[in-house]
Each structure stands twice: as C-alpha cells, then as structure tokens.
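I opened this one today and kept notes as I went. Here is what I looked up, in the order I got to it.

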Amino acid sequence: MRDLADETLAERPTARSMLPTPGTPPVEWVIADGQVGYEDAVAEMEQRVAAIRDGTAPERVWLVEHPPLYTAGTSANDSDLLIPDRFPVYRTGRGGQYTYHGPGQRVAYLMLDLNRRQPDLRLFVNTLEEWVIRTLAAFNVTAGRRENCVGIWVKRPEKGLGREDKIAAVGIRVRRWVTFHGIALNVDPVLEHFSGIVPCGVKSQGVTSLADLGIIATMEEADSVLRQNFEALFGKTKAIRSAVP
C-alpha cells in the first residue's frame with residue numbers, strides 16, 4: 001500500500017452483490033460469547049473451511065471480539081511493528097499488512113463458498129467493502145474506499161486538509177474458492193492501541209471508530225445492522241449463538 005496523503009476517497013461504485021445460487025442453505029450467523037483467542041479462531045476457521053469445501057458444513061459468518069493483539073498479513077513489513085512487546089503478534093495467512101484487534105472492535109470472519117456465488121475475488125472484496133459502507137451509512141457515517149487501498153475510510157477535514165481515518169479493515173484468504181478471515185469494524189476499541197503499529201502500512205493517515213465519531217452504538221446494534229446489510233448482499237442467514245461453534 002502506498003502513501004495515501006494526497007488521494008481522496010474513491011467514489012462509491014454501483015452496488016454489487018454476491019447472492020448464492022438458488023437452493024443454497026442459509027449462511028450460519030454465529031456470535032461468539034466473550035473474547036476469542038486468535039489462534040483458536042484461526043483453527044476454527046481452518047476446520048470450517050475444510051468442511052465447506054468437502055460439502056459437509058454450511059457457510060458461516062462468525063462474529064468475534066479478540067483480546068488485544070496485532071496480526072501481520074502476508075505483505076507486512078517488520079519496520080511497521082513499532083512496539084514489538086506491547087501485545088502478542090500473530091503471523092497470519094490473510095492478505096494485507098499489520099492490524100490491531102481488541103475489545104470494542106467487531107471482527108467478522110466469513111467462510112463462504114464462492115463457487116456457490118461468483119468465483120471473483122475482486123467482486124468479493126468490493127462487496128465486503130460495500131457491506132461495511134452500507135452498515136456505516138445506517139449510523140449516519142459517510143465512508144468510502146481509497147484507490148489501491150483495501151478498507152473503509154472516513155474524511156476528517158477537522159484534522160487537516162486531505163485527512164482521512166480508517167474505520168474498518170479488510171483482509172481475506174481464499175482456498176479452493178472458500179473464503180476465510182474477513183473484516184474488522186471499529187465500534188469502540190481503544191484507538192491508542194493502534195499506535196504500536198503502522199496500520200496497514202499507511203503512515204500519513206489515522207484510525208477512527210463509531211465512538212470516536214460521536215456515534216454511540218452497542219455491539220449488539222452494530223451486529224444487527226451488519227446482518228441486515230449482509231443479507232442484502234450475500235443472502236439469507238440463520239442465527240446461531242455459541243461461545244465456540
């Protein structure tokens with residue numbers, strides 16, 4: 001990802017969707033109780049992705065909160081880890097660079113079979129971003145994309161000319177057209193925790209959250225809006241609540 005100081009939010013493109021083929025079962029919508037360890041989450045995703053690929057399990061969206069930690073994607077630069085001993089650091093197979101996960105941030109892991117939708121990674125990422133943009137719009141937050149930078153950004157003119165803050169990250173992996181990893185939406189995390197890294201390798205801009213923007217929203221409210229907009233773009237869901245599915 002290059003320096004984005006002089007770029008502006010990309011205009012919102014025509015809405016796209018990845019609705020499944022007729023007859024596809026609803027996507028399981030699972031909300032984890034309590035914080036989920038990162039290694040446990042990856043192991044669970046690996047198991048579910050294999051089962052989806054083998055046709056023995058339905059697709060799943062898994063909503064979690066993690067304890068404070070940093071993850072390094074496949075493009076991460078070591079120099080972007082500014083405080084190595086602050087929180088645990090996990091190397092992960094998702095795309096992207098360094099990011100932070102912690103309480104107050106809603107992480108949505110998507111295990112979807114693109115063969116049942118469209119095997120098109122660009123469309124998948126675009127639809128994930130559209131999902132977050134629509135969710136934020138429901139909270140009266142205008143957000144958008146940046147050219148050549150995955151994720152969702154909010155203009156912050158009160159902080160200076162051209163200033164934009166990232167409010168949601170996107171990092172995915174695909175195996176035989178079954179996806180895992182996903183998005184991270186900042187509802188009300190401790191934003192200072194992002195100072196231990198260069199988030200997504202972007203030095204010139206910052207991070208924000210719904211709370212930082214003055215939007216008081218519970219995690220349950222965010223989840224409800226996420227589900228509504230997910231169904232419009234990806235199809236029906238079936239709610240399951242479980243600590244570790």
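I started with an open sheet of three strands, ordered β5-β4-β6 with mixed pairing. Helices (H or I, at least four residues) and strands (E, at least two) are DSSP runs, numbered from the N terminus, and two strands pair if DSSP finds at least two bridges between them. At the edges I found β5 (89-91) and β6 (98-101), each pairing on one side only. I noted a twist that averages 25° from one strand to the next, where axes are lines fitted to C-alpha atoms and angles run from 0 to 180 degrees between N-to-C directions.

Before going on, I reminded myself that this is a predicted model, where local features need pLDDT of at least 70, side-chain atom pairs count only at pLDDT 80 or more, and totals for chains, interfaces and linings use all residues. Residues are numbered from 1 along each chain as its sequence is written, and side-chain values use heavy atoms, with hydrogens and water left out.

Next I followed β4 (residues 69-72). Three bridges join β4 to β5, and the two run parallel. In that pair, Y70 has V89 as its bridge partner and A72 stands opposite R91. With β6, β4 pairs in the antiparallel sense over four bridges, and there L69 faces H101.

Are the faces of β4 buried or exposed? Both are covered: L69 and T71 on one side, and Y70 and A72 on the other, are all buried (under 20% relative accessible area with a 1.4 Å probe, protein chains only). In a regular strand the side chains alternate between the two faces of the sheet.

Of its 39 residues, L128, W131, L136, L185, F230 and F234 touch the most other members. The largest share, eight residues, comes from α2. Apart from this core lies another, of 17 residues, among them A32, M45, L69 and A184.

Leaving out residues up to four places away in sequence, F230 touches V27, W29, V61, L110, L112, W131, G235 and T237, with contact meaning heavy atoms within 4.5 Å.

Definitions and conventions:
Core = buried A, V, L, I, M, F, W, Y, C linked by side-chain atoms within 4.5 Å. Buried < 20%, exposed > 50% of the residue type's maximum accessible area, 1.4 Å probe, protein only.
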